[in-house]
Amino acid sequence: MPAPATHSPQPTPLQLRPFRAVRYDTDRVGDPSDVLAPPYDVLDPARARELRRHPHHVARLLYADAPQGAARELGRWLRRGLLRRDERPALYVYQQQRGARILQRGVIGELLLPRQAGQLLPHEDVSAHVVRQRAAHISGLRAQLEPLLLAHRYTESSAAQVTERVTRRAPVTVARLGDVTHSLWACDDVEELALVGSGLSAGQALIADGHHRHAACLNLSADATGPWRHSLALLVDTARYPLRLSAIHRVLPALEPEKAARAAAEVARVLPLPAGPRPPGPGELILAGGGQAWIITEPDSGALHHALSGRPSQWAQLPAAVSDCLLLRHAWSVPDLPGAVVHLHDIRQATEAVSAPGSGSALLLPVISESTVWELAGARVLLPRKSTSFGPKPAAGLAMRVLGLS
């Protein structure tokens, strides 16, 4: 007798709901360019301290040592009218532009964090310590200052048409950070909101940036009716506005480059680069330091298998796994301690940081493809931490989610 047919459940649509954003009042603070911040993980500590000198800069909340103190400062800004909550719930069309070129366009709203597997795909592992820090910060502040960055593809052309139409109106906020113009439009029309929501029916998105903040919200959302079941999120239709994918490089301040090259030669093929460091290609890692450089390829299969014991088999093809597991931990015995490894997104900064003798070593990683990221995320294979950097990332403080306001 044949077994009864079974039907796979249909994926639940992603739910991005309108909310009343808290935004800077330009009549009180002036140009918002002076109070918004670059994303959390691309701002170095010295620059963050500099921005915090402005009495109303969002960096004072974003980089606060004590979230409860930051919450009190946030409350003062609200009471004084420096920050105002929008009168009507809206979805916010957000665009980054350099000159005439649109770098990114997406929609900001409150995303119901799905519990169904396969709806919201993480692609990188997280640090439990950092997740606890992020959870303490957002719960103490009772606010989210920057959205998760999610890659998504709209299934309804009407959604894209609505966002296009919205951007023909006057923006509610315009700011310039560096050479990029950030523009925000509020969409609060009921019919337009319904059309934008219909584009989410595919029910799947990739977490491009914000893994630790996403994990923090999940940790805080044990109460099914609590506020952390939702998260501030920016969904970018990558079919129309592809995100830029780049590598994240490792700087090892205490590792002498010549010793690193000799140790790496025991587990891989290592050749000098007389012309100096260059961007690595597929299958390559570049070691640099003290004016010297080496190319590292063809890791020993036995050593790599040992270094990746207990890890997914797909990791053997990932540059960050080869760098972190085979080289940093196995060949170089770099401790997993704060300051032992500095992660930099810019290849020039990484090489300049180790250019002087005695300044350590840099390990430069190649870029992996977005299709590889999607494929592994869909197979529930998480990449090593700090494997990729999607961008451009959203600015902090542009449209904030603040809880507990009447």
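Glutamate 192 is buried in the predicted model, at 6% relative accessibility, where buried stands for under 20% relative accessible area, exposed for over 50% and partly exposed for values in between (1.4 Å probe, protein chains only). Glutamate 192 pairs with arginine 169 in a salt bridge, with 2.4 Å from N to O; a salt bridge requires a side-chain nitrogen of Lys or Arg within 4 Å of a carboxyl oxygen of Asp or Glu. Arginine 169 lies in the loop between α6 (157-166) and β9, and glutamate 192 in helix α7 (residues 190-198), so the bridge ties together parts that are 23 residues apart in sequence. Helices (H or I, at least four residues) and strands (E, at least two) are DSSP runs numbered from the N terminus. Arginine 169 counts as partly exposed, with 37% relative accessibility. Salt bridges with shared partners also join Arg17, Glu110 and Arg401 into one network.

This is a predicted model, in which local features need pLDDT of at least 70 and side-chain atom pairs count only at pLDDT 80 or more, while totals for chains, interfaces and linings use all residues. Residues are numbered from 1 along each chain as its sequence is written, and side-chain values use heavy atoms, with hydrogens and water left out.

Side chains of opposite charge can pair when their charged atoms come close. In total, the structure holds 17 salt bridges. One of these joins glutamate 73 to arginine 60, with 2.9 Å between the closest N and O atoms. This pair links distant parts of the chain, as glutamate 73 is in helix α4 and arginine 60 in helix α3, 13 residues apart. Glutamate 73 is buried, with a relative accessible area of 12%, whereas arginine 60 is partly exposed, at 23%. A further salt bridge forms between the side chains of arginine 98 and aspartate 179 (2.9 Å, N to O). Here too distant parts of the chain are linked: arginine 98 belongs to strand β4 (residues 91-98) and aspartate 179 to the loop between β9 (173-177) and β10 (180-187), 81 residues apart. Arginine 98 is partly exposed, with a relative accessible area of 36%. Aspartate 179 is likewise partly exposed, at 40%.

The largest nonpolar core has 88 residues, of which Tyr24, Ile296, Leu327, Trp332 and Leu363 touch the most other members. Helix α11 gives the largest share of this core, 7 residues. Apart from this core lies another, of 28 residues, among them Val131, Val166, Trp185 and Val196. A nonpolar core is defined as a set of buried Ala, Val, Leu, Ile, Met, Phe, Trp, Tyr and Cys residues joined through side-chain atoms within 4.5 Å. Beyond neighbours within four places in sequence, tyrosine 24 is in contact (heavy atoms within 4.5 Å) with residues including Val29, Val35, Leu36, Trp77, Gly397 and Met400.

Proline 299 occupies the loop between β17 and α10 (301-307) and is partly exposed, at 32% relative accessibility. Its C-alpha is 9.7 Å from that of leucine 327, and the two residues are 28 apart in sequence. With neighbours within four places in sequence left aside, proline 299 is in contact with Val267, Ala268, Leu304, Val322 and Leu326.

Histidine 137, in helix α5 (residues 128-141), is buried, with a relative accessible area of 15%. Alanine 66 sits in the loop between α3 (59-62) and α4 (67-79) and is partly exposed, at 43% relative accessibility. Between alanine 66 and histidine 137 there are 7.9 Å in space, C-alpha to C-alpha, and 71 residues in sequence.

The second largest pocket has a volume of about 240 Å³. Elements giving two or more residues to its lining are β17 (292-297) and α11 (319-331). The lining comprises 18 residues, with Pro282, Gly283, Glu284, Gln317 and Pro319 nearest the centre of the pocket. On a 1 Å grid over the protein atoms alone, a pocket is an open set of points where a 1.4 Å probe fits, with protein on both sides within 12 Å along at least five of seven lines, and lining residues have an atom within 4 Å of a point. Grid points are joined across faces, edges and corners, and the volume is the space filled by probe spheres set on the points.
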